[in-house]
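Thanks for making the time. I have one structure to go through, and I will keep to what was computed from it.

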Amino acid sequence: MKLGKRLQTLHDVVTEDYQHIWDCCCDHGQLGAQFLDSSQAHIHFVDVVPALIAKVKLDLARFFPEAEARYSLYTQDVAKLPLAQHSGRQLVIIAGVGGDLTAELMTSLCHKLPDEVDFLLCPVHHHYTLRQTLQSLPLKLIHESLVEENRRIYEVLYLTSGKTGAAITPLGKAIWQQGTLSKRYLEKTLEHYARVAKGKPEAQNIFSAYQQVTLSIG
């Protein structure tokens, strides 16, 4: 199963061994299926849409007939993941949804974490407000980067509730070290907040913050 560039990047970022990987808002389950093929972890496919989970179930039965004991399927709210019911290292992936929803889900999950849990996030927008929420949670940064697919640029955030890692910043640091991709991302971000600030004066502060990034990469 060939993944698109965004999902392949998410897969390749993960170099640790996990006992459980949660593919949340899994859509067609392609990322979870790739981990099912490449790792020994138990893969949990989660989505609130019953039809999507039903389709994932059919696809897994077709392409992974010998792996039925290594995956589980859930039609439920990601905020209510039963993380505490499982032992061993766990990775929760939340990708393809908005930053506001991602922030809500992360807040709910982090208020009841069992031991150490890692997170891999790739929201579609509202990165600044998401990062502000993440700063308020008991999380540290393992890795951050940008990935472009179909002319859209995404932030990838690999986080941990463990003790080792860097502080999460509201603008990011490593994402501004990817050459022309970083510059184009900054230009798009500035254009976006310039438009938003015309109708929402409070967005001017965010626009001004991103303006300072120009000095560090340009």
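This is a predicted model: local features need pLDDT of at least 70, side-chain atom pairs count only at pLDDT 80 or more; totals for chains, interfaces and linings use all residues.

The chain has seven helices and seven strands. Along the principal axes, the C-alpha trace spans about 55 × 35 × 30 Å.

Of the 218 residues, 50% count as buried. The accessible surface comes to about 11,200 Å², and carbon and sulfur atoms hold 51% of that. Among contacts with a separation of 6 or more, 68% are between residues 24 or more positions apart.

Next, helix α5, which covers residues 127-135. Which of its residues are buried? They are His-127, Tyr-128, Leu-130, Arg-131 and Leu-134. Looking down the axis of α5, these buried residues fall within an arc of 160 degrees, so they line one face of the helix.

On to the cysteines. How many disulfides does a search of the whole structure find? The count is zero. Take Cys-24: the closest cysteine sulfur is in Cys-25, at 6.2 Å, which is too far for a bond. The cut-off here is 2.5 Å between the sulfur atoms. Cys-110 is in no disulfide either, since its nearest cysteine sulfur, that of Cys-24, is 12 Å away. Are these two cysteines buried or exposed? Cys-24 is buried, with a relative accessible area of 2%. Cys-110 is also buried, at 8%.

Last, Lys-183. Where does this residue sit? Lys-183 is in helix α6, which runs over residues 180-199. Its relative accessible area is 40%, and that makes Lys-183 partly exposed. I also have a distance from Lys-183 to Asp-12: the two are 171 residues apart in sequence, and their C-alpha atoms are 23 Å apart in space.

To recap: seven helices and seven strands, buried residues along one face of α5, and zero disulfides. That is the end of my part.

Conventions: Residues are numbered from 1 along each chain as its sequence is written. Side-chain values use heavy atoms; hydrogens and water are left out. Buried means under 20% relative accessible area, exposed over 50%, partly exposed in between (1.4 Å probe, protein chains only). Helices (H or I, at least four residues) and strands (E, at least two) are DSSP runs, numbered from the N terminus. The arc is that of the directions from the helix axis to the C-beta atoms. Contact means heavy atoms within 4.5 Å. Accessible areas come from the Shrake-Rupley method with a 1.4 Å probe; for residues, only the protein chains shown count as cover.
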